[in-house]
Amino acid sequence: MKKKLVILTGAGMSAESGLRTFRDADGLWENYPVMDVASADGFARNPALVHKFYNDRRRQLIDALPNAGHIALADLERQFDVYVITQNVDDLHERAGSSHVLHLHGELMKVRAIDDPDLTFTLTPPDLSTTPSTLIDGHRVRPHIVFFQEAVPMIEPAIEIASEADVFVVIGTSLAVYPAASLLYYVRPSVPIFYIDPNPASVPEGVTVIREPATKGVATLRHILLSALDS
Ligand code: APR
């Protein structure tokens with residue numbers, strides 16, 4: 001039986017695809033007041049601004065491509081049962097071919113009905129923009145994004161997956177946002193944990209830090225994991 005390889009990714013995973021991270025110098029939150037464009041209060045105050053922010057993100061995403069890191073993770077499905085838990089709202093893991101992708105913070109290419117949170121719609125080019133008055137099948141919609149101040153409904157299944165990991169890998173996240181960052185603490189004690197990030201946050205003792213960008217770091221990880229399988 002294949003071992004269960006669980007990967008937690010953050011914005012750094014997609015940095016080399018040209019999508020900006022949030023908290024690095026020149027990150028998204030340097031350029032936009034986060035509580036205006038990504039909070040429940042901000043959306044209530046100025047929904048038009050929030051729609052515009054995510055319309056702009058969508059236009060950038062359709063021009064971006066999965067990088068070698070995304071592709072190598074999808075490739076590891078040949079040797080492992082790979083589960084990706086991502087904080088990213090982009091669809092680059094899916095486009096790279098990963099089969100199991102859980103989005104903790106929502107999905108950029110989707111919007112959902114304001115009067116029915118279970119009803120989502122996937123936007124397709126060229127219709128990537130929404131406004132507060134957009135109607136889809138008769139519903140007003142909002143970005144399918146978990147705003148700050150909102151609950152993170154996917155954390156429960158993510159905890160279950162993390163607690164079943166045989167190997168746990170963290171890639172490209174500052175581990176500054178909860179509950180996502182807490183997933184590390186649900187990994188069983190004897191399970192190896194790797195953390196790929198060129199500028200890693202502090203992590204518990206015992207975590208193997210690979211201080212490299214995602215593209216190079218996933219290649220290093222692959223080498224380590226496949227050597228362990230052979231031995
Ligand atoms: N490869 C790997 N990691 C990188 C790269 C790269 N090429 N470039 C930058 N990084 C790392 C940074 O060193 C940093 O640790 O990516 C991390 C990005 O951190 P954040 O910008 O804080 O992004 P993230 O951790 O994903 O943010 C979590 O916060 O604003 C919210 O909802 C948003 O999902 C997001 C959450």
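The shell around the ligand, in this predicted model, consists of nine nonpolar, nine polar and four charged residues (Ala, Val, Leu, Ile, Met, Phe, Trp, Tyr, Cys and Pro count as nonpolar, Asp, Glu, Lys and Arg as charged, and the others, Gly among them, as polar). Of these 22 residues, R23, W29, T173, S174 and D197 come nearest to the ligand; a residue is near if one of its heavy atoms lies within 4 Å.

Residues are numbered from 1 along each chain as its sequence is written. Local features need pLDDT of at least 70, side-chain atom pairs count only at pLDDT 80 or more, and totals for chains, interfaces and linings use all residues, while side-chain values use heavy atoms, without hydrogens and water.

| Residue and atom | Ligand atom | Distance |
|---|---|---|
| D197, polar side-chain atom | oxygen | 2.6 Å |
| A214, backbone N or O atom | nitrogen | 2.8 Å |
| Q87, polar backbone atom | oxygen | 3.1 Å |

On its own the ligand has 730 Å² of accessible area, and the protein covers 92% of that (Shrake-Rupley method, 1.4 Å probe).

The protein chain is divided into domain 1 (1-19 + 67-105 + 152-231) and domain 2 (20-63 + 110-145), with bounds from an automatic or database domain assignment. Their contact takes 14 residues from domain 1 and nine residues from domain 2, where contact means heavy atoms within 4.5 Å. The C-alpha centres of the two domains lie 26 Å apart. Both domains give residues to the shell around the ligand, so the ligand lies between them.

Methods:
A polar contact is a pair of N or O atoms within 3.5 Å; within protein, one must be able to donate a hydrogen and the other to accept it, and residues adjacent in sequence count only if both atoms are side-chain atoms.
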